[in-house]
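Subject: A structure for you to look at

Hi there,

Here is the structure I promised to pass on, together with my notes on it. Have a look at it first, and then read on.

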Amino acid sequence: MALEAQFVSLSQHAEKLKDTTLRDLFANDPARFTAFSAKTDDLLLDYSKSIIDADALAQLVDLAKAADVEGRRAAMFSGEKINGTENRAVLHTALRNRSDDPVIVDGKDVMPDVRAVLDAMADFSEAVRSAELTSSTGAPFTDVVNIGIGGSDLGPVMTTLALAPYHDGPELHYVSNVDGAHIADTLAKLDPATTLVIVASKTFTTIETMTNAQTARKWISDTLGEDAVGSHFAAVSTALDKVAAFGIDQSRVFGFWDWVGGRYSVWSAIGLPLMIAIGPDAFSDFLEGAHAMDKHFQEAELANNLPVLMALIGVWNRDVLGHSARAVLPYDQRLSRLPAYLQQLDMESNGKSVKLDGTPVTRETGPLAWGEPGTNGQHAFYQLLHQGTTVIPCEFLIAANGHEDDLKHHHDLLVANCLAQSEALMLGRTLEEAKALLKASGQADDEVERLAPHKVFPGNRPSITLVYDSLTPFALGRLIALYEHRVFVEGVIWDINSFDQWGVELGKELATALLPMVKGDASADSKDASTKGLLAALKS
Ligand code: F6P
């Protein structure tokens with residue numbers, strides 16, 4: 001069946017399912033959890049609280065086949081230039097390829113270069129961590145400031161927080177925003193004599209990063225002298241010529257390649273700050289975890305393939321049930337930046353409205369992705385999730401074991417809260433149940449009638465839950481790779497290019513044009529009335 005017809009059939013099936021609630025689906029099938037969950041090693045995906053049945057699932061798997069997910073997956077892993085608008089291969093998987101298999105791009109095996117950069121990163125990290133490499137004053141580096149933005153920031157920030165229990169290197173700091181407050185507040189706490197600055201930028205042209213890098217350079221040279229700059233800087237980039245022009249010594253430059261997308265780059269030298277924090281061995285475990293997910297994605301049959309299943313549920317929720325957002329809710333404080341990381345991964349990849357051939361898409365693509373860790377979110381926006389007028393499918397993440405052995409009672413509470421939320425979203429509470437509860441609490445009849453509508457929960461709100469043993473470097477690598485491949489599969493089904501990001505360009509161009517107007521060096525007469533009015537207000 002052609003893809004369009006399959007979507008029609010899925011919509012018709014959803015129409016039939018309309019009067020069946022999640023409560024009904026669970027009541028009618030005691031084996032529902034087993035039927036609608038999948039596992040690889042200790043990583044479990046429970047999607048039984050999604051509003052699907054066996055027929056919908058089978059149709060969704062057929063949809064993935066019809067969209068040629070398997071063929072496109074093979075094309076990506078084999079180094080075909082699937083990023084057509086930039087004429088690039090998409091090979092973040094090569095960065096964590098732990099097998100001996102070559103990966104060929106333009107007739108060349110890229111694996112020797114990948115391994116060489118990893119080795120250089122390991123040598124540099126070890127030298128910083130052991131204080132074999134010191135600052136210009138001979139002092140050990142106690143602090144590392146990573147300057148980057150987007151993919152050159154979010155991955156290292158998120159993973160550094162996530163792997164705090166493995167952090168035994170210098171203190172890490174991240175500066176991304178061009179707002180001077182960010183770098184000023186960061187540097188104010190630091191001593192230049194013991195600070196190493198990493199400038200991370202794939203292109204080495206991003207204005208935010210270059211501006212922050214110059215400010216940091218001045219901070220070093222003003223206090224330690226111009227000659228000290230070389231000892232206090234390292235860089236990560238694909239643009240080695242531009243790094244040299246900035247004045248960073250070649251021996252402290254770690255390269256990567258145009259086939260690594262910014263938001264897929266944490267596995268490359270962009271991961272250098274993480275490696276400095278946790279050490280090369282733990283970083284290697286992180287890559288192992290991602291590689292394990294790559295193998296699972298390549299080898300598991302579609303109906304048991306975690307990224308494929310997550311993508312199919314995503315497409316079902318977005319295109320068939322019409323939900324325009326999804327909430328990422330890690331019950332894991334150390335994953336507090338995962339929602340921000342996934343916003344770039346998901347929304348920069350799949351926020352597209354033309355297909356690969358440039359024609360407009362015919363259905364909705366990437367949903368709004370957002371979230372906060374539980375349980376904090378419970379005391380903020382969960383009200384809307386439970387009783388608001390908009391249904392937002394939720395994605396819960398929880399470890400079976402925390403790292404704090406002496407605080408197990410905290411973890412038990414965390415687990416109870418996580419499970420309670422997906423249960424509440426699924427079950428809801430009917431008017432009759434609300435009334436019965438109010439009566440049982442001794443309320444008078446008129447109070448029961450008055451209050452009961454406020455205590456009704458519609459329920460039937462879908463969620464998925466990911467469970468893993470504990471948040472180790474391996475588990476984190478596997479988790480990120482899972483999300484990467486989910487985004488990929490959704491993009492294949494939507495027939496869009498998940499690997500370009502033209503949508504960020506227009507704002508950059510306009511900002512460049514506006515800067516002289518902001519500085520007062522050029523007239524704003526050509527601008528629209530609103531932009532002109534805002535400029536005038538800001539300047540007055
Ligand atoms: O926001 C656009 C973008 O190009 C992202 O894709 C990228 O991660 C980020 O800017 C930073 O780019 P660079 O690493 O080249 O400084």
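Predicted model: local features only at pLDDT ≥ 70, side-chain atom pairs only at ≥ 80, totals over all residues.

On the side of helix 1, the contact is made by Leu3, Gln6, Ser9, Leu10 and His13, while helix 4 brings Asp55, Ala56, Gln59, Asp62, Leu63 and Ala66. Sorted by class, that contact of helix 1 with helix 4 has five nonpolar, four polar and two charged residues.

Two further helix pairs are worth a visit, and they share helix 16.

Start with helix 8 (residues 154-162) and helix 16 (residues 338-350), whose axes come within 9 Å and cross at roughly 155°. With that angle, helix 8 is roughly antiparallel to helix 16. Their crossing is left-handed. If you want to find the spot on screen, look for Leu154, Gly155 and Met158 in helix 8, which meet Leu338, Ala340, Tyr341 and Gln344 in helix 16. The contact of helix 8 with helix 16 has five nonpolar and two polar residues, and no charged residues.

Then turn to helix 16 and helix 21 (residues 473-494), where the axes come within 10 Å and cross at roughly 15°. This angle makes helix 16 roughly parallel to helix 21. The crossing of helix 16 and helix 21 is right-handed. Helix 16 takes part in the contact through Leu342, Leu345, Asp346, Ser349 and Asn350, and helix 21 through Tyr483, Glu484, Val487, Glu490, Gly491 and Trp494. By class, the contact of helix 16 with helix 21 has five nonpolar, three polar and three charged residues.

Now for the chain as a whole. How many helices and strands are there in the chain? The count is 23 helices and 13 strands. The radius of gyration is 25 Å, close to the 24 Å that the globule rule gives for 540 residues, so the chain is as compact as a globular protein of that length. Along the principal axes, the C-alpha atoms fill a box of roughly 80 × 60 × 60 Å. Of the 540 residues, 44% count as buried. If you take the contacts between residues at least 6 apart in sequence, 76% of them join residues at least 24 apart.

From C-alpha to C-alpha, Asp46 and Glu395 are 10.0 Å apart in space, although 349 residues separate them in sequence. Leaving out residues up to four places away in sequence, Asp46 touches Phe33, Ser37, Ile464 and Thr465. Asp46 has 18 C-beta neighbours inside 10 Å and therefore counts as partly exposed.

There are also some backbone details to look at in the loops.

Which loop holds Asp41? Asp41 lies between strand 1 (37-40) and strand 2 (43-46). Asp41 is not a glycine, yet its phi is positive, at about 50°. With 14 C-beta neighbours inside 10 Å, Asp41 counts as partly exposed.

Asn460 also has a positive phi, near 60°, in a residue other than glycine. You will find Asn460 in the loop between helix 20 (445-451) and strand 13 (463-468). Asn460 has 18 C-beta neighbours inside 10 Å, so it counts as partly exposed.

Finally, the peptide bond from Gly374 to Thr375 is cis, with omega near 5°. Thr375 has its place in the loop between strand 11 (368-371) and helix 17 (382-387).

Happy browsing, and do write back with any questions.

Best wishes

Note on methods
Residues numbered from 1 in each chain as written. Helix = DSSP H or I, 4+ residues; strand = E, 2+ residues; numbered from the N terminus. Rg over C-alpha atoms; globule rule 2.2 N^0.38 Å. Buried ≥ 20, exposed ≤ 12 C-beta atoms within 10 Å, placed from the backbone. Contact = placed C-beta atoms within 7 Å. Nonpolar A, V, L, I, M, F, W, Y, C, P; charged D, E, K, R; others polar. Axes fitted to C-alpha atoms, helices over the stretch in contact; angles between N-to-C directions. Parallel < 35°, antiparallel > 145°, perpendicular 65-115°, else oblique. Left-handed = near helix turned anticlockwise from the far one by under 90°.
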